[in-house]
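Hi everyone, thanks for having me. Let me put the structure up on the screen, and then we'll walk through a few parts of it together.

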Amino acid sequence: MRVAVLGAGVIGLSVAWRCARRGMEVTVHDPAPARAAANVAAGMLAPVTELHAGEEALLALNLESARRWPSFAAELAGDAGCDPGYVTCGTVAVARDLDDLRVLDDLHAQQVGLGLQVERLSGREVRRREPALAPSARGGLFVGGDHQVDNRRLLSALRRAAGARAVGMVTTSPEDPPAMRALDADAVVVAAGWRSPALVPGLAVRPVKGQVLRLRSDGRSVLPAHVVRGLDVYVVPRGDEVVVGATVEDVGEDLTVRAGAVHDLLHDAADLVPGVAEAELVECGVGLRPATPDNAPLIGALDERTVVATGHYRNGILLAPVTADAVAELLVSGEAPDVVAPFRPERPAVRR
Ligand SMILES: Cc1cc2nc3c(=O)[nH]c(=O)nc-3n(C[C@H](O)[C@H](O)[C@H](O)COP(=O)(O)OP(=O)(O)OC[C@H]3O[C@@H](n4cnc5c(N)ncnc54)[C@H](O)[C@@H]3O)c2cc1C
């Protein structure tokens, strides 16, 4: 089967690589791969701390994808011949005051009710668990099973693994993208992130802006060993750097880095982890998450030739393994696996 994948973000590349592993002849088309959201994403693989009320179906998908990550990463390393940067680091969610504590206690009750593994820690315990935290930390939650992946090493490994499986890469013209019908392929996978509606009019996907910072330790600043999450900010350790993020702004296609956002992120992060204020600010970035009306992805067939894999919003990196496997299975067997059944692109919740 000849498959054209539209989009070389984390979803398109993962789909292309997994389909090629199953014997398909795959070509990826993208006018601007450097714009993909995963270039700036934090790379947290954190289904338990990412839990939001009312998103239980999404939780099941997130957990299933997290379960697949170890073998996905190992097979990727094998095909790419390099390490995609998948590590266990655990997450501490931190309360700075009594209001934060109430929010964390609600989250904890919800997590326990769903049978998730999470520890409630006192202020002293959370500071002992993560010594980079400010002395003012009032309490927190610890999720030891959370992982993270280095977003840029992951993208590079996916490109190399796809190349090793003979996936073709075509840089299309942004002004003149090929018409879907004109693509010489038996199946077309639309994985163009928030721009997917330009290819399939009516898809309910929109951009949600995220601004993010990278800071480097000069050896004197104490930075965390775990992912640290406050209510408004997170700090993700990445070698000798940390990623501080992220704003969530429903403002359309805006790629401007705003001084106020940088200020707020630094202020909130330094409040949680004082060492942030001593670190070198090396990068301010911005990305556009592909969001849907119910915050869950669109994965499935639209017609006999067209499959959609987009709308992964806050969790596209976490969800790459389960999405890619589901699309490959759908193309091979004609049936989408049960795990993605609630996320079909024509479900009522996402109809425009
Ligand atoms: C600040 C920030 C932090 C994040 N942190 C995390 C995190 O910690 N964990 C996590 O799991 N997720 C995180 N995310 C979300 C994650 O990055 C996204 O969900 C994911 O990258 C979406 O991938 P995608 O491939 O669907 O879309 P995109 O990354 O948007 O890629 C789509 C690609 O399609 C291309 N394209 C556009 N138009 C066309 C066309 N006409 N034809 C062909 N190609 C086209 C684009 O150029 C682009 O390369 C974060 C996102 C942001 C912005």
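This is a predicted model: local features need pLDDT of at least 70, side-chain atom pairs count only at pLDDT 80 or more; totals for chains, interfaces and linings use all residues.

Okay, the ligand. There are 45 residues around it, and Gly9, Gly193, Gly210, Gly287 and Gly316 come nearest. Which elements give two or more residues to that shell? Those are α1 (10-21), β2 (25-30), α6 (196-199), β11 (206-216) and β15 (280-291). By type, the shell splits into 26 nonpolar, 14 polar and 5 charged residues. And domain 1 (2-84 + 149-203 + 293-350) and domain 3 (207-291) each supply at least three residues to the shell.

Now, alanine 191. You'll find it in the loop between β10 (187-190) and α6. Is alanine 191 buried or exposed? Alanine 191 has 31 other C-beta atoms within 10 Å, and 20 or more is enough, so we call it buried. Leaving out residues up to four places away in sequence, alanine 191 touches several others, including Val5, Leu6, Gly9, Val15 and Thr310. Here's one I like: alanine 191 and glycine 311 sit 120 residues apart in sequence, yet C-alpha to C-alpha they're 8.8 Å apart in space.

Last stop, the sheet. Zooming in, β3 and β8 (residues 147-149) are joined by 2 bridges, and leucine 45 has histidine 147 in β8 as its bridge partner.

Technical notes:
Residues are numbered from 1 along each chain as its sequence is written. A residue is near a molecule or strand if its C-beta atom, placed from the backbone, lies within 6 Å of it. Helices (H or I, at least four residues) and strands (E, at least two) are DSSP runs, numbered from the N terminus. Ala, Val, Leu, Ile, Met, Phe, Trp, Tyr, Cys and Pro count as nonpolar, Asp, Glu, Lys and Arg as charged, and the others, Gly among them, as polar. Domain bounds come from an automatic or database domain assignment. A residue is buried if 20 or more other C-beta atoms lie within 10 Å of its own, exposed if 12 or fewer, and partly exposed in between; C-beta atoms are placed from the backbone. Two residues are in contact if their C-beta atoms, placed from the backbone, lie within 7 Å. Two strands pair if DSSP finds at least two bridges between them.
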